[in-house]
Amino acid sequence: MQKILVLNGPNLNMLGIREPEIYGTGTYRDLVSLIEQEAALLGVSVECFQSNHEGALVDKIQEAYGNVDGIILNPAAYTHTSLAIADAIKAVGIPTVEVHLSDVSKRESYRQISYVRDCCQKTIIGKGFAGYIEALHDLTEKH
């Protein structure tokens with residue numbers, strides 16, 4: 001059975017509360033439930049992890065080495081600042097899809113910079129929760 005790790009960075013635990021006009025009204029629990037339901041339909045194992053701490057995300061990526069088949073990564077604000085997360089993705093060599101709920105290409109200029117993009121096989125932006133489902137399909141090759 002394929003195993004997919006879904007990593008979410010800082011403040012994504014505040015979904016539904018934080019700027020709903022940008023991120024929607026769905027909660028983090030809603031997102032996890034949606035991902036788990038789709039994974040069950042695809043017959044894949046999925047683990048969802050969220051942290052507000054950069055090192056915890058790096059640790060989780062390193063722990064994934066040899067244990068998962070793909071990573072869905074929304075590094076949130078760390079997208080624009082973290083070479084450590086980018087280096088961890090490069091180090092483990094696990095196929096990774098970068099996901100952003102909002103269309104970062106139409107937001108502040110600093111949000112258009114991604115240190116992880118070049119380490120990922122694909123970037124999905126502006127599709128809300130559906131972006132995670134698309135990434136799950138991309139990584140499991142079941143469209």
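I take a strand to be a DSSP run of E with at least two residues, numbered from the N terminus. The model I am reading is predicted.

**Entry 1: a serine in a loop**

I looked up Ser102 first. I found Ser102 in the loop that links strand 4 (96–100) to strand 5 (122–125). Is Ser102 buried or exposed? Its relative accessibility is 6%. Buried means under 20%, so Ser102 counts as buried.

Next I asked which residues Ser102 is in contact with, leaving aside neighbours within four places in sequence. My list reads Ile22, Tyr23, Arg107, Ile125 and Gly126. One of them, Ile125, belongs to the range given for strand 5 (122–125).

**Entry 2: the fold**

I then turned to the whole protein. I noted five helices and five strands. From the N terminus, I wrote their order as β-α-α-β-α-β-α-β-β-α.

**Entry 3: contacts and burial**

I checked contacts between residues at least 6 apart in sequence. Of these, 75% join residues at least 24 apart. Of the 143 residues, 49% count as buried.

**Entry 4: surface and charge**

For charge, I noted 12 positive and 18 negative side chains. The centres of the two sets lie 2 Å apart.

Terms used: Residues numbered from 1 in each chain as written. Predicted model: local features only at pLDDT ≥ 70, side-chain atom pairs only at ≥ 80, totals over all residues. Heavy atoms only, no water. Helix = DSSP H or I, 4+ residues; strand = E, 2+ residues; numbered from the N terminus. Buried < 20%, exposed > 50% of the residue type's maximum accessible area, 1.4 Å probe, protein only. Contact = heavy atoms within 4.5 Å. Lys, Arg positive; Asp, Glu negative; His and termini not counted. Charge placed at Lys NZ, Arg CZ, Asp CG, Glu CD.
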